[in-house]
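Dear colleague,

Please find below the structure that I am handing over to you. My notes on what was found in it follow directly after.

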Amino acid sequence: MRILSVKPGHDGTVALVEDGLLVFSHESEKDSFPRYTDLTPSSLLNAAERLDGPPDVVCLSGWVKGFHSIDPPLGAGYFGFDEGGILTGESRFFGSPVRTFSSTHERSHLLSAYGMSELEPGQPCYALVWEGNIGSFYAFTPDVQVRRLSTVLEDPGNKYQHIFALADPSTSQEHGGFRFSNAGKLMALTGFARSSSVSQAERDLIEYILDQPSILLTAPKEKLVWSPFYDIGVESQEFKDLAAKHSQAIFDRFLTVAERELTEGLPLLIAGGCGLNCDWNQQWRDCGLFPEVFVPPCPNDAGSAIGTAVDAQRHFTGQAKITWDVYSGPDFVYDQSPEQIAEHFTDEPLDLSRVVSLLARGQVLAWVQGRCEIGPRALGHRSLLAAPFEDQMRETLNQIKHREGYRPIAPVCLEEDVGEHFDWNGPSPHMLYFQKVRNPSLRAVTHVDGTARAQTVSSAQNPQLHSLLRAFKQVAGAGVLCNTSLNLPGRGFINRTTDLIKHVLDRGIDGFVLADRLHLARTPTADAAQGRRP
């Protein structure tokens, strides 16, 4: 059965599942579109190009006609965890008869985590969906029925980011200053917090935010002018301290309920945008309640098209599991000829020892291989790579990416060596957990609190990157590199030659690896010549 699934709204995505296999998942933000962008004509056309025949089922992942979950429903709408809200019908797709399917946004998170997990069919488990609006625990029965166990907190994701908007003088008054990017910045800032008890001012603000209903609609910034943290600045130490306590208060509300109600020792699946919070994921893993914790690489809304496709497959065939690969995004677009590339870059066959030599000398290289990653984290197909040993390299990479200096740079590491460098055993292929750094020489990838968000790489998962890390280990003594996403500021991953060339030239990057070719800039850019680079 061929199932084409569309997720409208922010993080718009088109996915195809065929006979239990994820064939592709095209997120609209990829190919240098704005981050979190709505579904675009380009993503639909890319999907159509990949289809080799009409689908059997066309899915509309439930959403709303507007900004907030209270807006009128689109398809099956936003809320609903059981099968009661599923909509089915018949239609035509480019002249061919198709069945139609829609289930709720809430179910899209649940079924994406279930369908992508390695749990055996029929294995009961718990699930946590925490995202902008939903914060609930569930249980999956052996026949893939869903029961909601407890609603813990309304708007956990929106409430998490709300203090960043409150403290940042640059945010707008609309929707309380909400921005999708606030959450990731807040996660970085929590690492700078001092250890101290919660002050009365901190407690008053945290409790107010966590108890506020529909916070984006009811708590504009001007309503919180009473707080001493109003427009205090997100890089002030007082705000950094608040950020960590606010984050922990949210987690503790969920942990308290889990300790009381999730007592059967079942695995836990995590979905929703809060599943990108590596600190929280690590705490779930370490809490001792669950024998296994699974977070998909696209727990945010970028995984919703996949989740609705899984739900449709379950509905029509009874099967709720899929086989998938994290590199199921779009193919790279070669829109420049070798002659056009040669105007600014050398061209030589890829020699990993040559790349290692460049990286060991402090150069920064873009690394492009195969199909794009699904989800928001660069995992070695659309990456910037660099040596991990100097503090200056973290500063350089943040400058290249136009990011705040407090943002950490993640490492990529040989899976077989991860325990040597980080407090971790086994795979962590999708960069979803924090680890304590054991190797003090890895200064560029060690956050101020001594942690890193490591990606492990095995020879089976990504043979080319694994070979590069092995070769780098032979020269530098550690099979670890800086790995950050290859993207223009505020845009999804670069996915075509024109954007790649422009980015490398504009930002003083030394060159790029594209498939099996190495291209180095013929002359240093103005930024590099002026000493921006080490």
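W367 has S383 as its bridge partner in β16. The model is a predicted one, in which local features need pLDDT of at least 70 and side-chain atom pairs count only at pLDDT 80 or more, while totals for chains, interfaces and linings use all residues. Residues are numbered from 1 along each chain as its sequence is written, and side-chain values use heavy atoms, with hydrogens and water left out.

Strand β15 (residues 365-368) pairs with β16 in the antiparallel sense over four bridges; strands here are DSSP runs of E with at least two residues, helices are runs of H or I with at least four residues, and both are numbered from the N terminus. Two strands are taken to pair if DSSP finds at least two bridges between them. β16 is also joined by four bridges to strand β21 (residues 480-485), again antiparallel, and there S383 stands opposite S485.

C482 lies in strand β21 and counts as buried because its relative accessibility is 0%. Between C482 and S383 there are 99 residues in sequence and 9.3 Å in space, C-alpha to C-alpha. Not counting residues up to four places away in sequence, C482 touches L384, L385, A386, A387, P388, M393, L397, I409, A410, A444 and V445, where contact means heavy atoms within 4.5 Å.

A further topic is the open sheet of five strands, ordered β11-β10-β9-β12-β13 with mixed pairing. β11 (146-151) and β13 (293-294) stand at its edges, each with a single partner strand, so one side of each has no neighbour in the sheet. Within this sheet, strand β9 (residues 125-130) and strand β10 (residues 135-140) run antiparallel and are joined by six bridges, and A127 has Y138 in β10 as its bridge partner. Helix α2 (residues 105-116) packs on the sheet, touching β9, β10, β11, β12 (268-271) and β13, and its direction makes about 130° with that of β12. Helix α7 (residues 237-261) packs on the sheet too, touching β9, β10 and β11, at about 30° to the direction of β10. Axes are lines fitted to C-alpha atoms, for helices over the stretch in contact, and angles run from 0 to 180 degrees between N-to-C directions.

Kind regards

How values were computed: Buried means under 20% relative accessible area, exposed over 50%, partly exposed in between (1.4 Å probe, protein chains only).
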